[in-house]
Amino acid sequence: MARAIGLTRAVGAAARRDTAPMVRGRLLALALSPGLAVLARLAHRRHPGLFERLTGLERPVLALVPDELPLAILLRADPRRPVLEAVAKADLDTRRVAAVIRGPLRVLAQLADGRVDGDALFFSRRIVVEGSTEAAVALRNALDNAGLGGLAELALPPGRAAKLVGRALRLGGGLIERLHARRNRR
Amino acid sequence: MSRAAATELICPAGTPAALRTAIDAGADAVYTGFRDRTNARNFPGLNFSREEMKRAIDHAHGSGVKLFIAVNTFAAAEDPGPWRQAIDDAARLGADAAIVADIAVADYAARNHPELRLHLSVQASASTLEAISLFRREFNIQRVILPRTLTVAELARLIPRTPVEVEVFLFGAMGVMAEGRCALSSYVTGISPNLGGACSPAEHVRYEQKPDGSLVSRLGRHAISIAKPGEAAGYPTLCRGCYRTNGRSFYALEEPTSLNAVSAIPALLAAGVRAFKIEGRQRGRAYVGEVVAAMRKALDAAMAGKAPQTLATKHVAEGHHETLGGYDKAWH
Amino acid sequence: MKRSAATTRPGTRARRRQTLETAAAGLTLGPLLHNWPAEKRRDFYFRIADESPFDAVCLGEVVCSKRAHQFDPHLGEVAERLRRAGKTAVHSSLALVTGARDMEFVRSAAAREGTIEANDLAAVELLRGRPHHVGPYVNVYGEDTVKLLSRLGATRICLPIELSAEAVAAIAKASPAEIEVVVFGRIPLAMSVRCFHARSRGRRKDTCRFVCGEDADGLPIGTVEGEKFLAIAGCQVLSHAYLNLAGEVARLRRAGARRFRVLPQAADMVAIGSTFRRLLDGAIDAKEAQARLRTLTPRAVGFINGFVHGQPGEAWIQVRAA
């Protein structure tokens, strides 16, 4: 119960317009991290091959950075214990990451989805890749092979639950986009 | 040579998921590679482990589809082990054919696994009756994949005299250089299709965002192409780069473009082509699904005597351009 | 009769190394890739015959069957002049054979008298059973390939320029045929049925008007950032920089290479050949050879030696005197 209140407060604080991005980022990262940890465990159980394809890299750590949020999602592709965590953008040390993939939240979701050709997203400049192209290519191939029919299928088997979660994610994503657009119009 | 034997559509499968997609979309055969330098698409995160290959062969055969394994790079001096292992495994796992290019690899396969069907890759650079005959006589190859640089007229002259089945490219990225004899990539990176199994390997590719919003694609230290803000970016494959000569910047070797020979299918069928190949093991499921379905439709239409529709595939073509390539003499 | 290193005593190994290093090393002038005017080309070969130390000289059209007729009338007198000078004329065949006209051209080359060098598997097949050479455009990456080609009649094989010194050593050890390595010149990296020279002038192969004749050493192409990078010779793409393995010759000899090939460029090839000859004979060392080669070649063209070191071809690895 106390955890839930703490989380809600953190999220609320993060949503306030006047909070500095770094603080917002850190609060959001804090709020998201437990969920990401669970997601990583479920994803590894459902798609062991996904992380296994990334282990050939020298440094199998990638960062996905959505334009609309002040945080970055880190993927550490250790085949025994893959890790998903969030850090504030300001806290992201790009030297410790093999590649950074930046883009609108919607586009990053499409990339993770595997339903849109990652090549197409990159070459049409809707995402930006910094650092190791090798890592980005490996990630793209790994996600593509996972055969996801939607982001939710990272954690859930294809079916009604996954569809529901998918819809919720899309709604949440849309909300974030609108908030971001409103904030930028000012 | 009768056309009674069905004409095959051969489709790329870079991952198990792409393989399932290709089969669902109508492939008659799929071609794959092991996760090492024994095949010419040795890209990070791509290709099949031995276990994945076994499952893939079972799945393909269960669906009535053939599976070919590409062992089409050149065995390294002092270390032919990986290539011999790949051939051994292809035979052991029950692949329908191994696609080979190296005389040494073909020799090993023919001597140790005479029952393993051998197809001759474009990497063998064998586009004449004489070269094909060499491989036929020495190694009993059953099929040759011809480079996409012969015109339809030349194919019509060559195929009836060819002692083996002929497979030609139908769709995919154009390699303008003679395959299997191109060292452009290793000149810059030390890795080429012949040395390491990849052209313009990702580990040597960097994209540089400039302050003015343009994106420079680099291979090694060389700027191979520059995309202005809003312009599509390109993968810095050397033969598709933008170069300066005589004070002019242009695609001195080749534009980024894709082969689409759908309109030539009737002529190619009449010439005796036995199989049509789609290039693209390094492309994703979305590409494979769309292209295989489109090519399936076109081939079926042509075989039924109808005109094959050049369906909308431009958006997945490289550089969003398509060409008939070498099939058309004007391209030379 | 070869014994494995494991059963050879150190003294014997050192003696064998010494023997390999001082064994007679041949010097070949490779085929000309550029479309020089016929008379200039003839005079060039006359001078090579009269004044150069090359003991084998490659004639023949390797790049484009369309332009071969220009020099054809002079082939006979050039071959005769070389023969009288005690040099062997080797006729090199077309590197990339596509289409009926190319195949006819290769057939006529293979039917010639004298020594033929096959640059494509079609020519290898035509020459099967008759002693012949194999050129660097044929893929020879390992021991089994040299053995097979030797069985088909190859007596001398010039290896692909992409190979490292270790690969050369492994192949030479297993090869019944004599092994030759390219040590100087613009490296042919790729070739196409498309003509890039014609393309650079907005033309096509059919309507080329032999524009390749305008660039005696190839047409340089640079990157969009102005870096010197490649050079075009008809349908072939070459390195802009010159391969220069003067510093690696000793190592290659120890590895078992018996002959060394110099590719003709728009430079004093007699002097360049002499530099390599003197290096091979021990009259000068690698350092002096490098210094001479630098004075004999345009400043604007760099030297590279990456491939033999297992590095990207365009690298220049500074070698200590071997």
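**Notebook: salt bridges and chain contacts**

I took a salt bridge to be a side-chain nitrogen of Lys or Arg within 4 Å of a carboxyl oxygen of Asp or Glu. This is a predicted model, in which local features need pLDDT of at least 70 and side-chain atom pairs count only at pLDDT 80 or more, while totals for chains, interfaces and linings use all residues. Residues are numbered from 1 along each chain as its sequence is written, chains are lettered from A and ligands numbered from 1 in the order in which they are written, and side-chain values use heavy atoms, with hydrogens and water left out.

**Entry 1: inside chain B**

I looked up B:Arg274 and found its side chain in a salt bridge with that of B:Glu8 (3.9 Å, N to O). B:Arg274 lies in the loop between α8 (265-271) and β14 (275-278) of chain B and B:Glu8 in strand β1 (residues 8-12) of chain B, so the pair ties together parts that are 266 residues apart in sequence. Helices (H or I, at least four residues) and strands (E, at least two) are DSSP runs, numbered from the N terminus. B:Glu8 is buried, at a relative accessible area of 6%. I used buried for under 20% relative accessible area, exposed for over 50% and partly exposed for in between (1.4 Å probe, protein chains only). Both residues belong to a network of salt bridges that also includes B:Lys66 and B:Arg117.

**Entry 2: inside chain C**

I then checked C:Arg261, which forms a salt bridge with C:Glu180, the closest N and O atoms being 2.7 Å apart. C:Arg261 is in strand β11 (residues 259-262) of chain C and C:Glu180 in strand β7 of chain C, 81 residues apart. C:Arg261 is buried, with a relative accessible area of 2%, and C:Glu180 is buried at 0%.

**Entry 3: between chains**

I found that chains B and C have the most contacts among the two pairs of chains that touch. Contact means heavy atoms within 4.5 Å. A salt bridge joins the side chains of B:Glu254 and C:Arg194 (3.8 Å, N to O), and both residues are buried.

Chain A and chain C make no contact; their closest C-alpha atoms lie 18 Å apart.

The side chains of A:Arg53 and B:Glu52 meet in a salt bridge (3.0 Å, N to O).
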